[in-house]
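Hi everyone, thanks for coming. Let me put the sequence and the model up, and then I'll walk you through a few spots.

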Amino acid sequence: MPQSLVKNYLHITYSTKYREPLISLEIEGELHSYLAGICNDHECHPIKIGGYDDHVHIVCSLSRKIALMTLIEHLKASSSKWIKTKDHRLKNFYWQGGYYAVSVNPADLQRLIEYVQNQRAHHKKQTYQQEVLALLIKNEIPYDERYIWD
């Protein structure tokens with residue numbers, strides 16, 4: 001086949017350092033738009049971006065031209081620099097060191113979009129830590145809890 005035809009959907013999530021509740025409603029929409037712009041810059045079509053006070057969820061396609069790790073490095077580094085310029089109280093803003101990312105079956109995409117869209121309601125019942133642990137178990141990702149929280 002002379003063409004490279006690829007469609008990989010991803011679910012990415014990561015939190016603020018120490019899960020500090022630094023993402024206010026006032027900045028949340030602008031942050032999500034900024035993250036979408038970074039995805040677009042790397043030809044990783046953003047499908048849905050959401051989150052809560054201490055984390056973001058990104059549903060996007062992964063371009064065949066970029067490695068997942070490189071995309072996440074760009075998302076975290078660029079948005080961290082950007083958010084520090086938005087308010088003097090955010091001058092020490094950092095993302096956590098790690099991240100969670102899994103591929104998504106196209107048949108499950110709509111359900112994931114709704115899940116990300118309803119983060120505010122979801123987190124009235126469950127913390128980010130509980131959410132991540134549930135995602136790790138659901139997707140059979142081995143982990144050592146001593147090392148996933150920073």
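This is a predicted model: local features need pLDDT of at least 70, side-chain atom pairs count only at pLDDT 80 or more; totals for chains, interfaces and linings use all residues.

One definition before we start: when I say buried, I mean under 20% relative accessible area; exposed is over 50%, and partly exposed is in between, with a 1.4 Å probe and protein chains only. Also, helices are DSSP runs of H or I with at least four residues, strands are runs of E with at least two, and both are numbered from the N terminus. Residues are numbered from 1 along each chain as its sequence is written, and side-chain values use heavy atoms, with hydrogens and water left out.

Okay, start with helix 5, residues 128-138. Which of its residues are buried? Those are Tyr128, Glu131, Val132, Leu133, Leu135 and Leu136. Keep in mind that an α-helix has 3.6 residues a turn, so residues three or four places apart point the same way. And what covers the buried residues of helix 5? The cover includes strand 1, strand 3 (55-61), strand 4, helix 3 (109-117) and helix 4 (119-122). Just past the end of helix 5, look at Glu140, which has a positive phi of about 55°.

Two of those covering elements deserve a stop. In strand 1 we have Leu10, which counts as buried because its relative accessibility is 7%. Setting aside residues up to four places away in sequence, Leu10 touches Ile58, Val59, Cys60, Leu62, Leu68, Val102, Ser103 and Val104. Leu10 and Asn105 are 95 residues apart along the chain, yet their C-alpha atoms are separated by 8.9 Å.

Over in helix 3 there's Leu109, buried because it comes out at 12% relative accessibility. Not counting residues up to four places away, Leu109 touches Tyr9, Ile47, Val59 and Val104. Between Leu109 and His11 there are 9.4 Å in space, C-alpha to C-alpha, and 98 residues in sequence.

Next up, aromatics. Rings of Phe, Tyr and Trp (its six-membered ring) pair if their centres lie within 6.5 Å; planes under 30 degrees apart are stacked, over 60 edge-to-face, and the rest tilted. How many aromatic pairs does that rule give? The count is three. One of them is Tyr14 with Trp95, edge-to-face, at 4.8 Å centre to centre and 90° between the planes. That pair bridges distant parts of the chain, 81 residues apart: Tyr14 is in strand 1 (residues 9-15), and Trp95 is in the loop between helix 2 (68-84) and strand 4 (100-104). Tyr14 and Trp95 are both buried. Then there's Tyr34 with Trp82, a stacked pair, 4.8 Å centre to centre with 15° between the planes. Here Tyr34 comes from helix 1 (residues 25-41) and Trp82 from helix 2, 48 residues apart. Is Tyr34 buried or partly exposed? Tyr34 is partly exposed because its relative accessible area is 29%, whereas Trp82, at 14%, is buried.

Ring pairs tie Tyr14, Phe93 and Trp95 into a cluster.

Residues making it include Ile27, Leu31, Tyr34 and Ile38 of helix 1, and His74, Leu75, Ser78 and Trp82 of helix 2. Ile38 sits in helix 1 and counts as buried because its relative accessibility is 6%. Beyond its neighbours within four places in sequence, Ile38 contacts His74, Leu75, Ser78 and Ser79.

Tyr18, in the loop between strand 1 and helix 1, has phi near 60°, positive in a residue other than glycine. Tyr18 is exposed, at 53% relative accessible area. Glu43 also has phi near 60°, and Glu43 is in the loop between helix 1 and strand 2 (46-52). With a relative accessible area of 49%, Glu43 is partly exposed.

Technical notes: Contact means heavy atoms within 4.5 Å.
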